Amino acid sequence: MLIRGLAGLAAILLAWLAAVHLFGVPGYLLPAPLDVARRMVFLHENARLADHVAVTLGQLAWGYLLGLVLGIAAALAFARAPILERLSMPLVLLLQTAPKIAIAPLLLLWLGLGPAPKIVLVAIVTFFPIMTGVLSGLRFLPRSYGDLARVLRLSARQRFVHIELPATLPTLLAGMTVASTLAVTAVVIGELMGANQGIGYLLAAGQESADTATVIGMVLLLSFIGWGLYELFEQVRRRTQERFGHV
Amino acid sequence: MIEIDGISKVFQLRGKSVPALEPLTHAVPEGRFVAVVGPSGCGKSTLLRLIAGLETPTSGTIRLGAGPVKRPVGFVFQDAVLLPWKSVEANIRFPLDTAGMERARSDAVVRELVALVGLRGFEQALPRQLSGGMRQRTAIARALADDPPILLMDEPFSAVDLLTRETLNDELLRIWQRTGKTVMLVTHSVEEAAYLADEVMVMSARPGRLERTYAVDLPRPRSEETKLDRAYHELVAALRRDLRGGEAPR
């Protein structure tokens, strides 16, 4: 999977290189791969690129964690009290269907230019796939597990720890995988709308100064982060599926 | 001991009352092996689930002379219901873990049970790596783990092939004789019922009710010899006639 992915990437790089040289595309429209790489090195040496990446990754991680905790908690609450689900679904769907790019300015108005609006935005987009993942896992729990729990007179806590949690791991991880790609988009939208550091900030700065190499470099960087996260979760998910999927 | 007194069950389906079991009274003395046979929809599984407390009765009471035990019954489900992420060993240990038994003690119990059901060497295997028969052995060991006085089995061998089934029947008899449990086994197979049980309850459908009972006085221990016994064949024939709704024999 990874090897094929890298091979595909190499092919794209070659095509890119060929396009630049064969058709003589001007550098301000499409810089050659090497120019982009040089630009990245320059940013690393002069603009503390690594710090910006760290800021973005930090916001990503905190937002993701927040979405994860809220998503699991909401799914558990909804599964136990369906009335809660009916009451809060309109709000959840409203948040989910509103374009994130439209929510972002609002969050910036409320929470300022710091990391807070980015974290909240990431939490909003990750909440939904994680919540639905856990909820569908709980809904499709084999009924016989409930019989087993009752024959063994398990407490609610034992039921959760020993049966519900492990049985919903595969769908939880499927939700987490989807959430990871959405999270990268969300954090960058937040940073584009208003920030003074982060990958999205460099991206916006590059756009303002018509620095195509920087913009392309940042886009690639974001893609790699998203891809890396996806691969990570997918690996974990596949391992868990083997063990935790229903027989 | 299982004392069933006028137990009945009516299910509510979309506002309609569907009687699953007519009032039924029967007593199973301690240590007895009882088989329940009957066509689909005769309420035999419902009866077992009522005894296990998985359904609440519409009327009547059930007394399990089990004393102050937290889990008076061990239940073997039709499709094993093992937790797929736990090994054979961990599945068998599950009732002990959730009852708070410390590892040192439960280790010994699990080892003994693994040997009893013939799963030595498969302790670390996951359920999906096992055959259907081995899964049911694991489920039986789990049902026996915290030593309940009563073992309820709901068509436990219906998903395994005939040869495995006969082996498992003999092992069940061996386990029963060693542990002295009161066993109630629901089955579709009249041969299985006649071969295993002290007593066979025959139920009929629509509405589910207890039609009659047979005392099985075939000598024990039972073996392939039993299956050549004329009395065994007569019982099997009588049971089959009952299930087909023919006239009562003799």
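Chain B and chain A bury about 2100 Å² between them, where buried area is the accessible area (1.4 Å probe) that two parts lose on being put together, summed over both. Of this area, 64% lies on carbon and sulfur atoms. The model is a predicted one, in which local features need pLDDT of at least 70 and side-chain atom pairs count only at pLDDT 80 or more, whereas totals for chains, interfaces and linings use all residues. Residues are numbered from 1 along each chain as its sequence is written, chains are lettered from A and ligands numbered from 1 in the order in which they are written, and side-chain values use heavy atoms, with hydrogens and water left out.

At the interface, 25 residues of chain B are in contact with 20 residues of chain A, contact meaning heavy atoms within 4.5 Å. Four residue pairs between chain B and chain A are in polar contact, both residues being at pLDDT 80 or more. A polar contact is a pair of N or O atoms within 3.5 Å; within protein, one must be able to donate a hydrogen and the other to accept it, and residues adjacent in sequence count only if both atoms are side-chain atoms. On the side of chain B that touches chain A, the elements giving two or more residues are helix H1 (44-52), strand E5 (73-76), helix H2 (88-97) and helix H4 (132-144) of chain B. Helices (H or I, at least four residues) and strands (E, at least two) are DSSP runs, numbered from the N terminus.

One salt bridge is found across the interface of chain B and chain A, a salt bridge being a side-chain nitrogen of Lys or Arg within 4 Å of a carboxyl oxygen of Asp or Glu. B:Arg49 pairs in a salt bridge with A:Asp147, with the closest N and O atoms 2.8 Å apart. A network of salt bridges links A:Asp147, A:Arg150, B:Arg49 and B:Glu55.

Over all chains, the structure holds 25 salt bridges. One of them joins the side chains of B:Asp146 and B:Arg71 at 2.7 Å, N to O. This pair links distant parts of the chain, 75 residues apart: B:Asp146 lies in the loop between H4 and strand E6 (150-154) of chain B, and B:Arg71 in the loop between strand E4 (59-64) and E5 of chain B. B:Asp146 is partly exposed, with a relative accessible area of 24%, whereas B:Arg71 is buried at 3%; buried means under 20% relative accessible area, exposed over 50%, and partly exposed in between (1.4 Å probe, protein chains only).

A salt bridge also forms between the side chains of B:Arg93 and B:Asp107 (2.8 Å, N to O). Here B:Arg93 belongs to helix H2 of chain B and B:Asp107 to helix H3 (residues 103-116) of chain B, 14 residues apart. B:Arg93 is buried, with a relative accessible area of 6%, and B:Asp107 is partly exposed at 29%. The side chains of B:Arg103 and B:Asp97 meet in a further salt bridge at 3.0 Å, N to O. B:Arg103 is partly exposed at 48% relative accessibility, as is B:Asp97 at 28%.

Helix H2 of chain B is largely enclosed by the rest of the structure, because seven of its ten residues are buried. The buried residues are B:Val88, B:Asn91, B:Ile92, B:Arg93, B:Phe94, B:Pro95 and B:Leu96. Their cover includes helix H7 (143-151) and helix H8 (156-193) of chain A, together with H3 and H4 of chain B. B:Glu123, in the loop between H3 and H4 of chain B, is 32 residues from B:Asn91 in sequence and 9.6 Å from it in space, C-alpha to C-alpha. Leaving aside neighbours within four places in sequence, B:Glu123 is in contact with B:Ser87, B:Val88, B:Glu89 and B:Val114.

Several backbone features occur in loops of chain B. Most residues other than glycine have a negative phi, and most peptide bonds are trans. B:Arg14 has a positive phi near 45°; B:Arg14 lies in the loop between strand E1 (2-13) and strand E2 (16-28) of chain B and is exposed, with a relative accessible area of 85%. B:Ala80 has a positive phi of about 65°, is found in the loop between E5 and H2 of chain B, and is buried at 4% relative accessibility. A cis peptide bond, with omega about -5°, joins B:Arg220 and B:Pro221.
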